[in-house]
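Here is a protein chain to read.

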Amino acid sequence: MKKTPLLLATLFTVLGLRTVSAQINLGEKTLGAVQKGITGLTFSDADAANLSREAVAKMDKENPVADDKDPYTIRLKRVFGKHANENGMTLNFKVYKLKEVNAFATADGSVRVFSGLMDIMDDNELLAVIGHEIGHVANHDSRDAIKTAYQKEALTDAAASQSTSVAKVTDSQLGKIGSALVDSQYSQKQESDADMYSYDFMKRNGYNVNAVESAFTILAKLSEGTQSSFIERMMSSHPDPKKRAANAKAKAEKDGLYKPYVKQTAKPAAKKTTTTKKKKKK
């Protein structure tokens, strides 16, 4: 895939990661359609959602999206489809057929999961990761992150700095906002709260809560020997993933639900059966 500037593709990455892989393909004019009317100091949930929606629409056009008949889409729909309405949020989900171990959720409720993540996670572990991502949306972390990036860029303009709002934002400014978001991190409290949202999501819906610990453990193991990319950056974020796995285990123990997690085995695809008509004996 051709490498282009990362804009809002990196808004909300798996478990506190600072950047998404350069496989995400975005053009410079990604968010031109929503330049007007985005306020600086009164950045609302609706503003964040509108900005995110346009970004995701662009990403969907620029990256390989699994179609409805693709096994990845079928699996994600089976695993996560029942949660299209989660805790008052309306969610939509798609699979990017990229080998990156990654996923993200944005303020408009878009959830995008990379096939690389699905390849290494079983259904429960996958739900735990997605639960963490939508936790950032539910807790308004996603809104606050984009607001902070917007203000930092837009308010450097002399005219804008003397006003509480900015009528227009240029494509260049939007690109710089996206670049700032690439380097941003959620706070330790935000990450911990998203972890707990994931745990509560699993518990509330009757899933195996021990998959939360397992998902963090997988990512921690993948970091060993990694020089760059998603895994290495995620491991450098705080709090440490091994500690976060331990926290999930402690929570399960406190609830009397802890058992060593046994990874699910993939279910084989159902074989099509054919019937043949018996010839009548003459």
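Q: What makes helix H8 oblique to helix H11?
A: The axes of H8 (residues 188–204) and H11 (residues 241–254) come within 11 Å and cross at roughly 45°. Axes here are lines fitted to C-alpha atoms, for helices over the stretch in contact, and angles run from 0 to 180 degrees between N-to-C directions. Angles under 35 degrees count as roughly parallel, over 145 as roughly antiparallel, 65 to 115 as roughly perpendicular and the rest as oblique. The crossing of roughly 45° therefore makes H8 oblique to H11.

Q: Which residues make the contact of H8 with H11?
A: From H8 come Glu-191, Asp-195, Met-196, Tyr-199 and Asp-200, and from H11 come Arg-244, Ala-248, Lys-251 and Ala-252. Contact means heavy atoms within 4.5 Å. These residues divide into four nonpolar, no polar and five charged. Here Ala, Val, Leu, Ile, Met, Phe, Trp, Tyr, Cys and Pro count as nonpolar, Asp, Glu, Lys and Arg as charged, and the others, Gly among them, as polar.

Q: Where do the numbers and the model come from?
A: This is a predicted model, in which local features need pLDDT of at least 70 and side-chain atom pairs count only at pLDDT 80 or more, while totals for chains, interfaces and linings use all residues. Residues are numbered from 1 along each chain as its sequence is written, and side-chain values use heavy atoms, with hydrogens and water left out.

Q: How many helices and strands are there in the protein chain?
A: The protein chain has eleven helices and five strands. Helices (H or I, at least four residues) and strands (E, at least two) are DSSP runs, numbered from the N terminus.

Q: Why is H2 called roughly perpendicular to H4?
A: The axes of H2 (residues 71–80) and H4 come within 10 Å and cross at roughly 75°. That angle makes H2 roughly perpendicular to H4. Arg-75, Leu-76, Arg-78, Val-79 and Phe-80 in H2 meet Asp-123, Leu-126, Leu-127 and Ile-130 in H4. Six of the residues in this contact are nonpolar, none polar and three charged.

Q: Why are H4 and H8 called oblique to each other?
A: H4 and H8 pack at an angle of about 130°, with their axes 7 Å apart. The two helices are therefore oblique to each other. H4 passes H8 in a right-handed crossing. A crossing is left-handed if the near helix is turned anticlockwise from the far one by less than a right angle, and right-handed if clockwise.

Q: Which residues of H4 and H8 make the contact?
A: Among them are Ala-128, Gly-131, His-132 and Gly-135 of H4, with Ala-194, Asp-195, Ser-198 and Phe-201 of H8. The residues of the contact of H4 with H8 divide into eight nonpolar, seven polar and two charged.

Q: Why does His-132 count as buried?
A: His-132 lies in helix H4 (residues 123–138). Buried means under 20% relative accessible area, exposed over 50%, partly exposed in between (1.4 Å probe, protein chains only). His-132 is at 1% relative accessibility, so it counts as buried. The C-alpha atoms of His-132 and Met-196 are separated by 7.9 Å, though 64 residues apart along the chain.

Q: Is Gly-135 buried or exposed?
A: Gly-135, also found in helix H4, has a relative accessible area of 0% and is therefore buried. Its C-alpha atom is separated by 7.6 Å from that of Asp-193, 58 residues apart along the chain.

Q: Is Ser-52 buried or exposed?
A: Ser-52 is found in helix H1 (residues 45–62). Its relative accessible area is 0%, so Ser-52 is buried.

Q: Is Asn-87 buried or exposed?
A: Asn-87 is found in the loop between strand S1 (85–86) and strand S2 (89–90). With a relative accessible area of 55%, Asn-87 is exposed. Asn-87 has a positive phi of about 55° although it is not a glycine.

Q: What makes His-140 partly exposed?
A: The relative accessible area of His-140 is 32%, so this residue is partly exposed. His-140 is found in the loop between H4 and helix H5 (141–154), and has a positive phi of about 65° although it is not a glycine.

Q: How much of the protein chain is buried?
A: Buried residues make up 51% of the 282 residues.
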